[in-house]
Amino acid sequence: MDNSFDQMVIDTMMSHAGVQRLPNPKLTLFIKRNFLSPDECAAVIERIDANRRPSTLANYNGDDAFRTSETCDLDGDDPVVKAIDEKIAAFSRLDLKYGEPMQGQRYEVGQEFKAHTDYFEPQSVDYEKYTSVAGQRTWTVMVYLNDVQAGGATRFKAVDKMVQPEAGKLLAWNNRRPDGSANPSTIHHAMKVRAGQKYVVTKWFRERPWGWT
Ligand SMILES: O=C(O)CCC(=O)C(=O)O
Ligand SMILES: [Fe+2]
């Protein structure tokens, strides 16, 4: 909603050494390699392995193969998770009060999350259900936790950008356009893992405080 807020987040991210910005006006996207240390990545992978459920979709579209990964609901009181939350907040100045609880995602060979956007479709039947308390999703911050042997890239087809997974690499983008509307150019595909496994953490921020954690 607030363009000056987004600008503050952008300026904050850009102020860190080694941050790359996608040179495309259609999508505000940042990459920072080695955002998490190998130890931090290993600690989260351990937690994801220990506690997984099939990943779900907010907008089921009849395709049972649309998202085939597994998800871990990470515990915000766990010191490892807390430290990463705080690192994300310091990096972006995004407010953790507006953040959904951090999730882990794990992909085996052949698993993927087909092309989608992270915002809730304003036209969908469940829009109200997902957004009534905390509002629409604003920023997505994700971090790859391991090097994938083959496959597993995140492909942003509207801007012709492929991001390769790499242990500790952060990826962050704004799901909204400057006028506050949902940005369809954020469409992205977590492509099939071809060899090895892929682990990521995802952190989504909302327009209003996340009420129930
Ligand atoms: O795993 C990825 O590369 C992307 C994950 C993703 O898009 C999501 O969980 O919404
Ligand atoms: Fe996504």
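Reader: How many disulfides does the count come to?

Author: Happy to go through this predicted model with you. A disulfide here needs a pair of cysteine sulfur atoms within 2.5 Å. For C41, the nearest cysteine sulfur is that of C72, 15 Å away, and C72 in turn has that of C41 as its nearest, at 15 Å. The count therefore comes to zero disulfides.

Reader: Is C41 buried or exposed?

Author: The cut-off to keep in mind is that buried means under 20% relative accessible area. C72 has a relative accessible area of 1% and is buried. For C41 the value is 2%, so C41 is buried.

Reader: Which residues coordinate the iron ion (ligand 2)?

Author: Along the chain, the donors of this iron ion follow the spacing H-x1-D-x69-H. H116 and D118 are both buried. At 2.1 Å, the coordinating residues and atoms are H116 (NE2), D118 (OD) and H188 (NE2).

Reader: Which residue has a side-chain N or O atom 2.5 Å from an oxygen atom of ligand 1?

Author: Good one to check in the viewer! Y107, H116, T154, H188 and K198 come nearest of the 13 residues around ligand 1. A polar side-chain atom of H116 is 3.1 Å from an oxygen atom of ligand 1, while for K198 such a distance is 2.7 Å. The residue with the 2.5 Å contact is T154.

Note on methods. Residues numbered from 1 in each chain as written. Chains lettered and ligands numbered in written order. Predicted model: local features only at pLDDT ≥ 70, side-chain atom pairs only at ≥ 80, totals over all residues. Heavy atoms only, no water. Buried < 20%, exposed > 50% of the residue type's maximum accessible area, 1.4 Å probe, protein only. Donors = N, O, S within 2.8 Å, 3.2 Å for Na, K, Ca; no water. Near = heavy atom within 4 Å. Polar contact = N/O pair within 3.5 Å; in protein donor to acceptor, adjacent residues only side chain to side chain.
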